[in-house]
Amino acid sequence: MTRVAAVDCGTNSIRLLVADTDGRTLRDVVRRMEIVRLGQGVDVTGCIAPEAMERTLTVAREYASQCEQLRVERVRFVATSASRDASNAAEFAAGVADAFAAFGTRPEVISGDEEAQLSFRGATSVADGAAPAPYLVVDLGGGSTEFVLGEQQVTAVRSVDMGCVRFTERHLRSDPPTDAEIAAATTDIDALIDTAAQVVPLRDARSLIGLAGSVTTITANALRLPAYDPERINGAALTVQQVVDSCDALLRMTRAQRAELGFMHPGRVDVIGSGALIWRTIVQRVAAEAGLATVLTSEHDILDGIALGLAD
């Protein structure tokens, strides 16, 4: 077993997994997630805001220190949507490299396709032979959403610029969102699903697996959990109607009402409405085209895929 660390820096959050692995299984040592909103304003300005960069680099330094304390042997730092889009990505990369200098680690600004491959490897572990393949894995992030279809290996993948932070800033500015805002956002969501479907045949899916913070939060709401419980969320099988009802409820709540939910992370309060709208639209579309009645939720995602790959 090798002790490895995977860091996933997305548009909304930065996450750390320290695990012991032999390349086939993972034994968690530490999992952490901090909301840093690296993608704050990137969709409008094209660059990472100074305060967002400092928030993120502060947490990166904390993660690097923890990796040293836990005697991690290998670290991989993957940066996704916000770092692909930003004009000042080089400044951010230099800050990360400085934080992880002890490991010789630099951030890898990966493509949407590679992000999808890694997410697929982690997410499909939740199926554990109980759900039929092909699997359609949907990774709903802050700035982008990946659609990945496959069985043992990925056969089709498409990343689109659609995420809970991006669509909150672009469309859902009212509290709660207005009908007009929801309608405009839905038009964009439908168009982007169409774009993904040109490459990824949604009708071929026999199981739909959703992952990332919006999906797990929607699942916690559907299960009426008093507090966030990863063990109950991971592998949860919900009916399509349960997903739709949960999404509708979160979308129509005020931010104050969302903040009162015991499972709600404070950093998701303002963006979960758009996450819910995106997930509802995807689930309804896939269910209609593939004839699916249930949806799986996975707590295993790109972090697990990165960690497994470090032992390869």
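Two strands count as paired if DSSP finds at least two bridges between them. Helices (H or I, at least four residues) and strands (E, at least two) are DSSP runs, numbered from the N terminus. The model is predicted: local features need pLDDT of at least 70, side-chain atom pairs count only at pLDDT 80 or more, and totals for chains, interfaces and linings use all residues. Residues are numbered from 1 along each chain as its sequence is written, and side-chain values use heavy atoms, with hydrogens and water left out.

**View 1. The open sheet of 6 strands.** Its order is S8-S7-S6-S9-S11-S10, with mixed pairing. Strand S8 (154-160) and strand S10 (237-239) are the edge strands, each pairing on one side only. From one strand to the next, the twist averages 25° (axes are lines fitted to C-alpha atoms, for helices over the stretch in contact; angles run from 0 to 180 degrees between N-to-C directions).

**View 2. Strands S6 and S9 with a packed helix.** S6 (residues 135-140) and S9 (residues 207-211) pair in the parallel sense over 5 bridges. Aspartate 139 has leucine 211 in S9 as its bridge partner. Helix H8 (residues 213-222) packs on the sheet, touching S6, S9, S10 and strand S11 (294-298); contact means heavy atoms within 4.5 Å.

**View 3. The open sheet of 5 strands.** The strands follow the order S3-S2-S1-S4-S5, and the pairing is mixed. Strand S3 (26-35) and strand S5 (107-109) each have a single partner strand, so one side of each lacks a neighbour in the sheet.

**View 4. Strands S1 and S4.** S1 (residues 2-9) and S4 (residues 74-79) run parallel, joined by 6 bridges. The bridge partner of cysteine 9 in S4 is alanine 79.
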